[in-house]
Amino acid sequence: DAGVIQSPRHEVTEMGQEVTLRCKPISGHNSLFWYRQTMMRGLELLIYFNNNVPIDDSGMPEDRFSAKMPNASFSTLKIQPSEPRDSAVYFCASSPYREMNTEAFFGQGTRLTVV
Amino acid sequence: KQEVTQIPAALSVPEGENLVLNCSFTDSAIYNLQWFRQDPGKGLTSLLLIQSSQREQTSGRLNASLDKSSGRSTLYIAASQPGDSATYLCAVGGGGADGLTFGKGTHLIIQP
């Protein structure tokens, strides 16, 4: 398997624009997670899905952030409108099943810069 | 709320030394603990996963231990090499949180 695939790898956008980040989890994994990494706060969980259903989105910072998982092989994280403070690296991760003590595998991340 | 602390924040040692990275967590009701490596500008590479019922895991020159009752884990790196230079992240699953709760990492530099 190619692992967790994220696109784009880098995104530069102007404040106020809509940004969509994409993730393809490892085939057969039932849980998908979106994290954000900043220098100040480190890695923080934004939202996670189990069997394509959002379970906990309490980490989503504002209503400007939304995430979807229309099927088992694809998820998106959308920011609308984007702001400079959203600049960070966004990681997607998947694992076989949440309730079992299973390993999480991370994508290479999307580095977002909002100017 | 689960909190994960890693000490030291940065470490620089000569090549060949054995070293220990420390991780502590506040809520001992965890499912597992995972150590990751992150190279500059790159993603996270999983190094070791320790289940809550286990005491340690080994992979090559790496050995991770877990003392759940005291809320501590250590990552031992034997015979360090310049290629080991990276940021090492500790993350715990469970402990009242969904997903993984990460420490801020230890930035390790191995001097040739």
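This is a predicted model: local features need pLDDT of at least 70, side-chain atom pairs count only at pLDDT 80 or more; totals for chains, interfaces and linings use all residues.
Me: Why is A:Gln37 called buried?
Reply: Buried means under 20% relative accessible area (exposed is over 50%, partly exposed in between, with a 1.4 Å probe and protein chains only). A:Gln37 comes in at 18%, so it counts as buried. You'll find A:Gln37 in strand 4 (residues 31–38) of chain A; strands here are DSSP runs of E, at least two residues, and helices are runs of H or I, at least four, numbered from the N terminus.

Me: Which residues is A:Gln37 in contact with, leaving aside its neighbours within four places in sequence?
Reply: Contact means heavy atoms within 4.5 Å. On that basis A:Gln37 has A:Gly42, A:Leu43, A:Ala88, A:Val89, A:Phe91 and B:Gln38.

Me: Why is strand 9 (residues 88–95) of chain A described as largely enclosed?
Reply: Eight of its eight residues are buried, so the rest of the structure largely encloses strand 9 of chain A. A:Ala88, A:Tyr90, A:Cys92 and A:Ser94 point one way, A:Val89, A:Phe91, A:Ala93 and A:Ser95 the other, and all are buried.

Me: How do you know that strand 9 of chain A pairs with strand 4 of chain A?
Reply: Two strands pair if DSSP finds at least two bridges between them. Strands 4 and 9 of chain A have seven, in the antiparallel sense, and A:Phe33 has A:Ala93 as its bridge partner. Strand 9 of chain A is also joined by three bridges to strand 11 (residues 110–114), again antiparallel, with A:Val89 opposite A:Arg111. With strand 10 (residues 105–106) of chain A there are two antiparallel bridges; A:Ser94 is partnered by A:Phe105 there.

Me: What joins strand 7 of chain A to strand 8 of chain A?
Reply: A hairpin does, through two residues. Five bridges link strand 7 (residues 65–71) to strand 8 of chain A, running antiparallel, and A:Ser66 has A:Lys78 as its bridge partner.

Me: What makes a set of residues in chain B a nonpolar core?
Reply: A nonpolar core is a set of buried Ala, Val, Leu, Ile, Met, Phe, Trp, Tyr and Cys residues joined through side-chain atoms within 4.5 Å. The largest one has 22 residues, and B:Leu19, B:Phe25, B:Leu33, B:Trp35, B:Leu75, B:Ile77 and B:Tyr88 touch the most other members. Several strands of chain B each supply at least two residues of this core, among them strand 3 (19–25), strand 4 (30–38) and strand 9 (86–94). A second, separate core of 21 residues includes A:Cys23, A:Ile26, A:Met69 and A:Cys92. In soluble globular proteins, nonpolar side chains tend to be buried together.

Me: Why do strand 1 (4–7) and strand 6 (56–59) of chain B count as edges?
Reply: Five strands of chain B form an open antiparallel sheet in the order 1-3-8-7-6. Strands 1 and 6 of chain B each have a single partner strand, so one side of each has no neighbour in the sheet. Inside that order, six bridges join strand 7 of chain B to strand 8 of chain B, and B:Asp67 stands opposite B:Arg72.

Me: How do you know that chain B agrees with a compact globule?
Reply: The radius of gyration is taken over C-alpha atoms, and the globule rule is 2.2 Å times the number of residues to the power 0.38. For 112 residues a compact globule would be near 13 Å, and chain B has 13 Å, so the two agree. Chain B holds zero helices and 11 strands, and 45% of its 112 residues count as buried.

Notes: Residues are numbered from 1 along each chain as its sequence is written. Chains are lettered from A and ligands numbered from 1 in the order in which they are written. Side-chain values use heavy atoms; hydrogens and water are left out.
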